[in-house]
Amino acid sequence: MELINTLPQPLITVTLFIFGLSIGSFANVCIYRLPKKESVVSPVSYCTACLVPIRPLDNIPIISYLVLRGRCRDCNNNISVIYPVIEIITALLLLAGFFKFGLTFDFLVYFVLAPTLVIITVVDIKHQIIPDVITLPGLALGLAAGSYSIGYVNSFMGFLLGCGLFYLLAILSNGGMGGGDIKYIAAAGAFVGWQKVLLIIFIGAVLGTFVGLFQIGFQKKTRKNIIPFGPLLSVATLITLFYGNLLIKLYIDNL
Ligand SMILES: [Zn+2]
């Protein structure tokens, strides 16, 4: 802790950014493999077109993508630009969290949560699911971390409130909301407590309204088009982690 405080800020920033890129690279592996129920540790990364294992030197975040000009060395197939974009987003999120929380328990939790939210967002957009293999361990971790940081009563209330409200919504919306969303909000509630889980739901609803209006207005999509909740809830969770205390204080002060 003391040692890190003596290091120059730019050095910490660059190191954490590079480390964040490699976490983002692992997030890509999770995004591709978790929905297929494949192991995320073995085999090593392979080209999704020709299945040839990627050489370690070709697997460096961003740099390899630029050197190979977005193509597989073996089959010349295009590698989606989504991969380096996810690496950069993950690294920036981790960096932002470091500057927000410093080296605290909150940052440790955030360090696990932020890449997970990136994974959930992309997986839900691509497959319209939030896998149990993320939400169920997330629930256990949420209750453990929440008990430590906000107390077990608040953590459990957050879990119950999130779970209960979304379960009710699932019944009312008649299939508009899936089991993955319920497990997600239950886990998020366990992490942040009852006040902030309400905030997540509120921000998610506001974001959903904007996205919905945008879709209807600009993309000529019908009202029936389902917006996946995962990305909305993930963004809402990130906003709550960063600005939750501030927003709740503003709300209480203006009552
Ligand atoms: Zn290939």
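**Helices, core and domains**

Colleague: Which residues of α9 are buried?

Modeller: The buried residues of α9 are K196, V197, L199, I200, I201, I203 and G204. Buried is used for a residue with 20 or more other C-beta atoms within 10 Å of its own, exposed for 12 or fewer, and partly exposed for those in between, with C-beta atoms placed from the backbone. This is a predicted model: local features need pLDDT of at least 70, side-chain atom pairs count only at pLDDT 80 or more, and totals for chains, interfaces and linings use all residues. Residues are numbered from 1 along each chain as its sequence is written.

Colleague: What do those α9 residues pack against?

Modeller: They pack against α7, α8 (179–192) and α10 (229–253). Contact is assigned to two residues whose C-beta atoms, placed from the backbone, lie within 7 Å. Helices (H or I, at least four residues) and strands (E, at least two) are DSSP runs, numbered from the N terminus.

Colleague: How far apart are the ends of α9?

Modeller: The end C-alpha atoms of α9 (residues 194–218) are 36 Å apart, which agrees with the 36 Å that its 25 residues should span at 1.5 Å a residue. The expected span is 1.5 Å times one less than the number of residues.

Colleague: Which residues have the most contacts inside the largest nonpolar core?

Modeller: They are I119, I185, A188 and I200, in a core of 48 residues. Such a core is a set of buried Ala, Val, Leu, Ile, Met, Phe, Trp, Tyr and Cys residues joined through C-beta atoms within 7 Å. The most residues, 10, come from α5.

Colleague: What is I119 in contact with, leaving aside neighbours within four places in sequence?

Modeller: I119 is in contact with A27, C30, I31 and I134.

Colleague: Turning to the overall layout, how is the chain divided into domains?

Modeller: There is domain 1 (1–101) and domain 2 (104–255), with bounds from an automatic or database domain assignment. The contact between them takes 15 residues from domain 1 and 17 residues from domain 2. On the domain 1 side, α2 (9–33) and α4 (82–101) each supply at least two residues, and the largest share, nine residues, comes from α4.

Colleague: Which residues of α4 are buried, and what covers them?

Modeller: Y83, P84, I86, E87, T90, A91, L93, L94 and G97 are buried in α4. Their cover includes α2, α3 (63–67) and α5. G102, which follows α4, has a positive phi near 70°.

Colleague: Why does K37 count as exposed?

Modeller: K37 counts as exposed because it has 8 C-beta neighbours inside 10 Å. I62 has 17 inside 10 Å, so I62 counts as partly exposed.

Colleague: Finally, is V153 buried or exposed?

Modeller: V153 is exposed, with 12 other C-beta atoms within 10 Å. V153 lies in helix α7 (residues 152–173).
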